Amino acid sequence: MREKLVYGLARLVLKAFFRRIEIEGLERVRSQGPVLLVANHVNSLIDAVLMAGTLGRLPRFLAKSTLWQMVGLRPFLALAKVIPVYRRQDKGVDTSKNMETFARCHEVLEQGGAIALFPEGISHNKPNLQPLKTGAARIALEAEERFGPLGIEIVPVGLIFGAKGMFRSRALIQVGEPLEVRLEENEDRYQTARKLTAKIEEGLRQQTLNFESWEEARLVNRAADLYARPQPELPAKPDLADRSRHRQAFAKTYRSVREAHPREVENVARAVAHYDRLLSTAGMRDDQVGAAYPMSKILRYLARTTLNLLLYLPVAVAGTILNWLPYRIPGWIAQRFATSPDVASTYKLFPAFVLFPLFWIGEAALGTWLGGWRFGLTLLVFAPLSGWLALRFHERRNTFLQEAGAYLKLRTRKGMSSELKRRRETVLREVERLMDLHKDTLETGSPS
């Protein structure tokens, strides 16, 4: 019952917070038997909610002990049976308590349960995976030694976000191949843990995007996206899974070519930087600049979107009025208290989780006072439903206005449009040349 409640709450939160969640490799998480789920950690508590609501089985999470100092979080931590970890970097923490933490993890695995943790040890806003702690490997090895053979599987899980601090953005979960846990005879336990940690790190790197800097990330992502969709018919954001695969592949190509042809890579970097500045100045996206815009599809999109917006409008207006404050307050809280991008979503999500029900109950109570219990009950049902419809309405309205605005800019500001298209073609040619150099290097085995 508890697991169903936690899973249901997590699904509800994810449905509201994310516009779309993609999952790849879910079949690699077995439904029974001891499993240790290890994931990258770039979005604070959102990472745990995302895993809890999508992987098919509810794990026991490990979390830093200082979270229990946040009174508002304690009921959720207790409900999910989260296990505290006592970190050296946290002031006043007794790290000797980790013996008990590890013992509890061993018992969960011995009973065929699942444990989830983030082996980087911190939530961060870096463009790459941070050095892993050995805790995950030690837990698995010690459980096997203490109760084994258990057949524990360690499953790497990559969490990738379209815009991690933004409400109603997208997320991708990539599940990697499970790793076996083996105890080697006469091998030093520390060395065994280090070797297994290295395998975990490699598994996570295969499921995540890793760049040396945000500048490299910007260059590679732009070039990869452009190369993957050189001539789109209409503006559209591709699936995160497809985009991630293209970016991972292009990152390997970029680093390979950079060693053999640094000058050519520098030319691409300059072209991309110039094009990005023009896009930013114009307030445009690359897929908008590159789109062919066939008139028949434009007219169909215009008719369909206009009809949908008109049908949603009356309920959306009411839903906006009833839900405006609980929608805005979490954003103000995040602006005031979020110290880095990796915690912004947390400061939006958890206040909203409390505020929306409170406002709905308050509005129902006011409705009961003004118009009787039937009116109050109607408001209690109507407020959340109309709020959801209002959210969908405003998403479609914003998308429509953005796309219509971009189309009109390209058609009315001819000078800007021509320059953007010219720069886009320049970047595309440079990227294609980079790919040709890479192919030549693979064929000849040496730089051409």
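Let me start with strand S3. Four of its five residues are buried, so S3 is largely enclosed by the rest of the structure. Keep in mind that this is a predicted model.

What does S3 pair with? On one side of the list there is S5: S3 and S5 run parallel and share two bridges. Phenylalanine 61 has alanine 116 of S5 as its bridge partner. Then there is strand S4, residues 83–85, also parallel to S3, with three bridges. Between S3 and S4 comes helix H3, residues 74–79, and S3, H3 and S4 together form a right-handed β-α-β unit.

Next, the nonpolar cores. As a general point, nonpolar side chains in soluble globular proteins tend to be buried together. In this model, the largest nonpolar core holds 39 residues. Phe61 is among the residues with the most contacts inside this core, along with Phe18, Leu37, Leu50, Met51, Leu159 and Phe161. Which elements give two or more residues to this core? They are helices H1 (2–17), H2 (45–52) and H12 (341–371), and strands S2 (35–39), S3 (60–64), S5 (114–117), S6 (153–161) and S7 (169–175). H2 supplies the largest share, seven residues.

Leaving aside residues up to four places away in sequence, leucine 37 touches Val29, Met51, Leu55, Pro59, Ile115, Ala116, Leu117, Val155 and Val157. Ala116 in that list is also the S5 bridge partner of phenylalanine 61.

Last item, backbone angles. Most residues other than glycine have a negative phi. Where do the two positive cases I want to show sit? Serine 44 is in the loop between S2 and H2, and arginine 168 is in the loop between S6 and S7. Phi of serine 44 is near 50°; for arginine 168, phi is about 65°.

Are these residues buried or exposed? With a relative accessible area of 15%, serine 44 is under the 20% cut-off and therefore counts as buried. Arginine 168 has a relative accessible area of 8%, so arginine 168 is buried by that cut-off too.

That is what I have for today.

Technical notes
Residues are numbered from 1 along each chain as its sequence is written. This is a predicted model: local features need pLDDT of at least 70, side-chain atom pairs count only at pLDDT 80 or more; totals for chains, interfaces and linings use all residues. Side-chain values use heavy atoms; hydrogens and water are left out. A nonpolar core is a set of buried Ala, Val, Leu, Ile, Met, Phe, Trp, Tyr and Cys residues joined through side-chain atoms within 4.5 Å. Buried means under 20% relative accessible area, exposed over 50%, partly exposed in between (1.4 Å probe, protein chains only). Contact means heavy atoms within 4.5 Å. Two strands pair if DSSP finds at least two bridges between them. A crossover is right-handed if, with the strands pointing away from the viewer, the path from the first strand over the helix to the second runs clockwise.
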